[in-house]
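Take a walk through this structure, one region at a time. Keep the sequence open beside the 3D view.

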Amino acid sequence: MNEPWYRNSVIYELNIRAFMDEDGNGRGDFRGLIARLDYLESLGIDCIWLLPMYPSPGRDDGYDVADYYSINPEYGTLEDFREFVDKAHARGIRVIGELVMNHTSEAHPWFQEAKKGPESPFHDWYVWSDTPERYRDARIIFVDTEKSNWTWCESCGKYYWHRFFSHQPDLNFDNPAVRDEMKNIVRFWLDLGLDGFRVDAVPYLFEREGTNCENLEETHAFIRELRAFIDAGYHGRILLAEANQWPEDLVPYFSSGDEFHMAYNFPVMPRMFMAIRQEHHGPIVDIMQRLPQIPESCQWATFLRNHDELTLEMCTDAERDYMYSVYARDPQMKCNVGIRRRLAPLVENDRRKIELLHAMLFALPGTPVLYYGDEIGMGDNIWLGDRNGVRTPMQWNDGRNAGFSRCAPSRLYAPVIMDPLYNFTAVNVEAQDADPNSLLNFMRRLVRVRKQYPAFGAGTLRFFFAENKRIMALLRERDGERLLCVFNLANSCQYAMLDLQELAGCVPHELMDGTVFPPIGDLPYLLTFGPHGFYLFRLE
């Protein structure tokens with residue numbers, strides 16, 4: 001009864017603008033989300049992660065916030081938001097939003113006031129310098145577009161600091177007024193019903209000379225302060241950290257269970273793609289064994305794809321070069337330090353690979369996060385620029401604008417996918433809903449299995465090793481529940497002889513189809529696989 005709800009959840013990430021347009025202006029909205037809640041409920045997910053919903057100039061898809069206390073008029077009103085949250089809750093679906101703490105839009109009234117100079121009460125809400133030579137050890141994150149972390153402000157006669165785009169000045173968290181204001185923002189949205197926040201760009205909140213300005217102790221101190229504020233007044237609400245860091249730097253964001261409830265497991269994501277291309281379990285096993293223990297109340301969030309590029313920051317130079325060579329052969333596919341592709345195009349629309357990757361995602365420790373459209377195998381448009389190619393309209397049917405909007409196609413915020421292989425007339429929810437063997441219905445079964453067995457969400461992890469390195473076998477255990485998961489990472493038929501003597505007498509029940517396998521004995525257990533095949537067993 002005391003199990004945290006996020007331990008056994010399945011999170012669905014969606015872009016409001018891209019999901020469903022109810023008012024016909026070519027952009028998705030909260031009324032459209034309300035209309036599609038039945039679909040989300042049928043998928044089996046129990047938490048929605050909303051990308052930024054705040055008023056914004058839209059130069060970074062809403063991450064350039066211009067007002068923290070309102071809804072982007074394109075998406076509706078605060079009343080629409082409240083109704084959406086209430087109706088999601090009525091279906092047992094929680095809702096988390098974005099907390100963009102590190103920076104604002106240059107159009108935010110705070111920055112417009114700050115530009116007037118030191119006499120402005122908001123000037124010290126941002127980070128200023130007379131020289132661009134400060135904090136030289138801080139890396140540039142958007143290497144494609146930015147040459148410096150400093151930009152000259154003509155009206156103020158100073159440089160302002162930004163870790164991302166130059167139109168996104170960083171807030172000054174050394175200022176107590178900024179920290180207090182963030183708590184006010186959090187209070188406002190939690191009072192309106194949000195179940196928590198995905199906190200954007202966590203490692204960069206503070207700056208100190210002589211450091212890389214990432215993962216500073218001051219950042220952790222403020223997160224502990226924010227967590228205590230939430231725990232004191234909002235039971236069951238969560239903070240999810242976006243901290244794209246190596247495992248050793250990720251774990252401190254949990255602290256002793258008094259910072260973040262969850263953090264994305266960035267390092268494991270690219271290695272899942274490495275493993276299926278190299279046909280070897282090494283990349284996954286190595287990084288999972290490198291992960292330190294986290295507090296009992298905390299949880300990893302695992303994912304295959306999201307709204308950003310497939311980031312390769314947590315890869316060695318050799319690993320990054322390899323990933324580019326096999327997954328981004330066209331230079332247009334590269335973006336920043338990553339690859340701007342959806343899941344299906346990354347694996348050349350190979351249904352078996354898509355199913356295998358999702359099965360591994362659901363079997364490894366952590367709460368899985370699905371990206372809208374990946375459950376039907378949507379394609380992308382690498383020619384839209386930045387990361388917008390993976391943020392195209394959801395494909396609901398084969399009708400006008402893929403059923404996303406009734407507006408004229410020229411009014412859509414982005415074109416629907418028209419490429420022959422991923423054309424919306426063939427890849428859409430309506431068609432797959434009617435096909436019991438579709439990817440969508442496979443995903444529904446997988447979500448159902450994942451949520452049925454708590455050991456997936458919070459069990460221990462142990463690997464078994466066969467001589468065949470193309471096979472990855474792992475055991476998840478919790479409170480007497482044992483789940484044996486075995487994956488063929490190769491694009492060919494394989495077999496594995498697994499030494500499972502310690503499990504002798506157990507009978508494997510396959511979870512996806514219910515098939516009962518022969519009991520495990522003292523001899524090595526033989527399993528055979530089709531290309532990219534897998535088994536998820538419950539051991540009785």
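Two strands count as paired if DSSP finds at least two bridges between them. The model is predicted.

Now look at the pairings. Strand 4 is joined to strand 6 (residues 158-161) by two bridges. Here W128 sits opposite Y160 of strand 6. Strand 5 is joined to strand 6 by four bridges, again antiparallel. T151 has Y160 in strand 6 as its bridge partner. Strand 5 and strand 6 form a hairpin with four residues between the strands. In that hairpin, G157 takes a positive phi near 75°.

Move on to strand 10 (residues 299-303). How many of its residues are buried? Five of its five are, so the strand is mostly covered, given that buried means under 20% relative accessible area. The cover is on both faces. Q299, A301 and F303 are buried on one side, and W300 and T302 are buried on the other.

Strand 10 has parallel pairings to follow. Strand 9 (residues 262-264) pairs with strand 10 in the parallel sense over three bridges. In this pair, M262 stands opposite Q299 of strand 10. Strand 14 (residues 367-371) also pairs with strand 10 in the parallel sense, over three bridges. There, T302 stands opposite P368 of strand 14.

Next come the helices. Helix 9 (residues 268-278) packs with helix 11 (residues 317-327) at an angle of about 65°. Their axes are 11 Å apart, and the crossing is left-handed. Which residues of the two helices meet? Helix 9 brings P270, R271, F273, M274, I276, R277 and Q278. Helix 11 brings E319, Y322, M323, V326 and Y327. By class, this contact has eight nonpolar, one polar and three charged residues.

Helix 10 (residues 282-290) has buried residues of its own: G282, P283, I284, V285, I287 and M288. What covers them? The cover includes helix 8 (247-250), helix 9 and helix 13. It also includes strand 15 (460-464) and strand 16 (471-478).

Then turn to the nonpolar cores. The largest has 171 residues. Y12, W189, F273 and F487 have the most contacts inside this core. Helix 13 (residues 351-363) gives the largest share of the core, eight residues.

W189 is worth a look of its own. Setting aside residues up to four places away in sequence, W189 touches M53, Y54, Y68, Y69, S70, I71, L78, F81, L194 and F197.

Finish at N441, in helix 15 (residues 439-452). Is N441 buried or exposed? N441 counts as buried because its relative accessibility is 14%, and the cut-off for buried is under 20%. Beyond its neighbours within four places in sequence, N441 is in contact with Q432, D433, D435 and P436.

Key: Residues numbered from 1 in each chain as written. Predicted model: local features only at pLDDT ≥ 70, side-chain atom pairs only at ≥ 80, totals over all residues. Heavy atoms only, no water. Axes fitted to C-alpha atoms, helices over the stretch in contact; angles between N-to-C directions. Left-handed = near helix turned anticlockwise from the far one by under 90°. Contact = heavy atoms within 4.5 Å. Nonpolar A, V, L, I, M, F, W, Y, C, P; charged D, E, K, R; others polar. Core = buried A, V, L, I, M, F, W, Y, C linked by side-chain atoms within 4.5 Å. Buried < 20%, exposed > 50% of the residue type's maximum accessible area, 1.4 Å probe, protein only.
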